[in-house]
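Morning, everyone. Let me put the model up, and then we'll walk through it.

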Amino acid sequence: MSMKHHHRGLELSASKSFVSKKLTFFLCIGFFCAGTLFSDRMWPEPEANVVSREASDERLHLVSDDCDSSKKSLKLESKDSLGEAYKSPDAIQTLDKTISTLEMELVAARAAQESIMNGSPVSDDFKLPETATRRKYLMVVGVNTAFSSRKRRDSVRATWMPPGEDRKKLEEEKGIIMRFVIGHSATPGGILDRAIQAEESKHGDFLRLDHVEGYLELSAKTKSYFTTAYALWDADFYVKVDDDVHVNIATLGAELARYRMKPRVYIGCMKSGPVLAQKGVRYHEPEYWKFGEEGNKYFRHATGQLYAISRELASYISINQNVLHKYVNEDVSLGSWFLGLDVEHVDDRRLCCGTTDCEWKAQAGNMCVASFDWSCSGICRSADRMKDVHRRCGEGPNALLAASF
């Protein structure tokens, strides 16, 4: 029995081995066919990718060539442009003048719009400038005045500010604008404003600001003056002077003309007085703590009787007027606006002569630009004494006619 079982086991084993070989053979054929079919479907795609990649490489090469040709073209154009710029040195100045004109037109439009919206009186000169007819001036002289200063204004008109037609001739021939600068009262259209309007109708020498007059508002008035003057007239310099100071206009023009090539210049009698912390005293500084401990001095700035700034600085004030801080003293405010800017401070002592030494300086040929009494921060009793100071310290009636700036 055992032998029979043994032979049967061998037969079953051989049978299984045979089946396994057959199965293996058929499986191999099946896998081969499936592989062939799979290969036939898959091979075209790599070929397409190769072609696509070659096409992409060709396109990249063409784009690269185009970029190289564009770069060469741009370089040639740049060289040509630079060459033209070098050939035409006035091109940059012309472009700068165009930009400056557009800036001033924008400022004028904004100021006019604000004045119309606020219903405030403004000067008859305040019109939108015409680009084609806009001309260049040497300087704008703004004479700071108040409602109560009619006699002071008359003394200035009788001495160093030419009246009527002579003043207009000065504008046309010498490029010098001169105006009394004043705002309006807290109640626009009241008796004070009507009095100024009547005076303006007679003399035509006012620049009216969109500003409420007040002693504690001088910093705001100074800002408004430079902004308005810059919008109205394209000048090399903008001057502020008080109405109780004597000025030799021809000498002032000649002095400023020396700095025409300076882009940012601030001219005046520079000082650095104490910061007055005590309440009730004149020139008290409420924000004294910003300048350090009590007893400290201010930074250097021009005294408020007369100072001049170049066109770029007037533009800076105009553009940034809404963020410029105002201290109680206007000369301090102006000086603070230029801290941190690349500004040349010019300390010119001819802008602050005394009413006693101006005479002998004139006789010695060293004519003063401006004269006043330090004790009064202007000419003491200027309405009565201006003519006398003008007689002793003035530059003569023909100085402006003979002046060439």
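Which side chains meet in a salt bridge at 2.8 Å, N to O? Lys240 and Asp242. A salt bridge here is a side-chain nitrogen of Lys or Arg within 4 Å of a carboxyl oxygen of Asp or Glu. Lys240 is buried, and so is Asp242. Buried means under 20% relative accessible area, exposed means over 50%, and partly exposed is in between, with a 1.4 Å probe and protein chains only.

Ground rules, quickly. This is a predicted model, with local features needing pLDDT of at least 70 and side-chain atom pairs counting only at pLDDT 80 or more, while totals for chains, interfaces and linings use all residues. Residues are numbered from 1 along each chain as its sequence is written, and side-chain values use heavy atoms, with hydrogens and water left out.

Start with the strands. Strands are DSSP runs of E, at least two residues; helices are runs of H or I, at least four; both are numbered from the N terminus. Strands pair if DSSP finds at least two bridges between them. β1 and β4 run parallel, joined by eight bridges. Val141 has Val239 in β4 as its bridge partner. β1 also runs parallel to β2, residues 176–184, with six bridges joining them. There, Met139 stands opposite Ile176 of β2. Next, β2 to β3: parallel again, four bridges. Ile182 stands opposite Arg208 in β3.

How covered are these strands? Eight of the nine residues of β1 are buried. For β2, nine of the nine are buried, so that strand is largely enclosed by the rest of the structure.

Side chains of opposite charge can pair when their charged atoms come close. The salt-bridge count comes to 30. Take Asp234 and Lys136: their closest N and O atoms are 3.3 Å apart. That pair links distant parts of the chain, with Asp234 in β4 (residues 234–242) and Lys136 in β1 (residues 136–144), 98 residues apart. Asp234 has a relative accessible area of 4%, so it is buried. Lys136, at 38%, is partly exposed.

Glu287 and Lys290 make another salt bridge, with closest N and O atoms 2.7 Å apart. Glu287 counts as buried because its relative accessibility is 18%. Lys290 counts as partly exposed, at 38%. Then there is a network of salt bridges: Arg150, Arg153, Asp154, Arg157, Glu199 and Asp205 are linked in it.

Now the rings. Rings of Phe, Tyr and Trp (its six-membered ring) pair if their centres lie within 6.5 Å; planes under 30 degrees apart are stacked, over 60 edge-to-face, and the rest tilted. That gives 10 aromatic pairs. One of them is Tyr266 with Phe338, edge-to-face, 5.1 Å centre to centre and 75 degrees between the planes. Tyr266 is in strand β6 (residues 265–271) and Phe338 in the loop between α10 (330–337) and β8 (344–347), so the pair ties together parts 72 residues apart in sequence. Both Tyr266 and Phe338 are buried. Elsewhere, Phe291, Tyr298, Phe299 and Tyr327 form one aromatic cluster.

The charged end of Arg135 sits over the ring of Tyr137, 4.4 Å from its centre. The rule: NZ of Lys or CZ of Arg within 6 Å of the ring centre and within 35 degrees of the ring normal.

Over to helix α12, residues 382–393, where Cys393 lies. Cys393 is buried, at 1% relative accessible area.

Last stop, the surface. Which residues form a nonpolar patch there? Tyr215, Leu216 and Tyr283, with about 360 Å² of accessible area together. Patches take residues with over 30% relative accessible area and no salt bridge; like charges are joined within 9 Å, nonpolar side chains (Val, Leu, Ile, Met, Phe, Trp, Tyr) within 5 Å. Areas come from the Shrake-Rupley method with a 1.4 Å probe, and for residues only the protein chains shown count as cover. Leu216 lies in the loop between β3 (206–212) and α7 (218–232). Leu216 is exposed, with 63% relative accessible area.
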